[in-house]
Amino acid sequence: MKRCKTCNKYTGAPKPVTLGDKCDFSISTSNGRTTRHRVVTGKLYRTWAGGECDVLYRGKLYRADLITHPDDPSPISLALIGRCTCV
Ligand SMILES: [Zn+2]
């Protein structure tokens, strides 16, 4: 994906991630008071109908509703900056 020249948001099709490929996803960690989201790179383990995925990260499976190819913007940047709706 790249940035749109008009609105500066992300445009273009996201790179596909296939099973066993590396992918970025966000996990939330909580210390009791605050919840922080961070992006980590795991391995796509399974996909579910409806778009959710199981991602293997450090020997543990995580359920992620949004994964991106490591070459693409992270799910968090994508959520913050947004997708281009020009044209
Ligand atoms: Zn745009």
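Where is the place of Lys43? In this predicted model, Lys43 lies in strand S4. Strand S4 covers residues 35-47.

The protein chain contains one helix and six strands. Along the sequence, their order is β-β-β-β-β-β-α. The C-alpha atoms occupy a box of roughly 40 × 35 × 20 Å along the principal axes. The chain has 87 residues, of which 15% are buried. Among contacts with a separation of 6 or more, 46% join residues 24 or more positions apart.

Strand S4 pairs with S3 in the antiparallel sense, through nine bridges. Within this pairing, Ser26 has Val39 of S4 as its bridge partner. Four residues lie between the strands in the hairpin of S3 and S4. Gly32 in that hairpin adopts a positive phi near 100°.

Strand S4 also pairs with S5, again in the antiparallel sense. Four bridges connect S4 and S5. One of the bridge pairs is formed by Leu44 and Val55, the latter in S5. The hairpin of S4 and S5 has five residues between the strands. Here Gly50 takes a positive phi near 100°.

The largest nonpolar core comprises eight residues: Val17, Cys23, Phe25, Leu44, Cys53, Val55, Ala64 and Ile67. Strands S3 (22-30) and S5 (53-57) are the elements that each supply two or more of these residues. Leu44 belongs to this core. Beyond four places in sequence, Leu44 touches Val17, Leu19, Gly20, Asp21, Cys23, Cys53, Val55 and Ile67.

Lys43 was examined next. Lys43 counts as partly exposed because 14 C-beta neighbours fall inside 10 Å; a buried residue would need 20 or more, and an exposed one 12 or fewer. The C-alpha atoms of Lys43 and Asp21 are 5.5 Å apart. Along the chain, Lys43 and Asp21 are separated by 22 residues.

Terms used:
Residues numbered from 1 in each chain as written. Predicted model: local features only at pLDDT ≥ 70, side-chain atom pairs only at ≥ 80, totals over all residues. Core = buried A, V, L, I, M, F, W, Y, C linked by C-beta atoms within 7 Å. Contact = placed C-beta atoms within 7 Å. Pairing = 2+ DSSP bridges.
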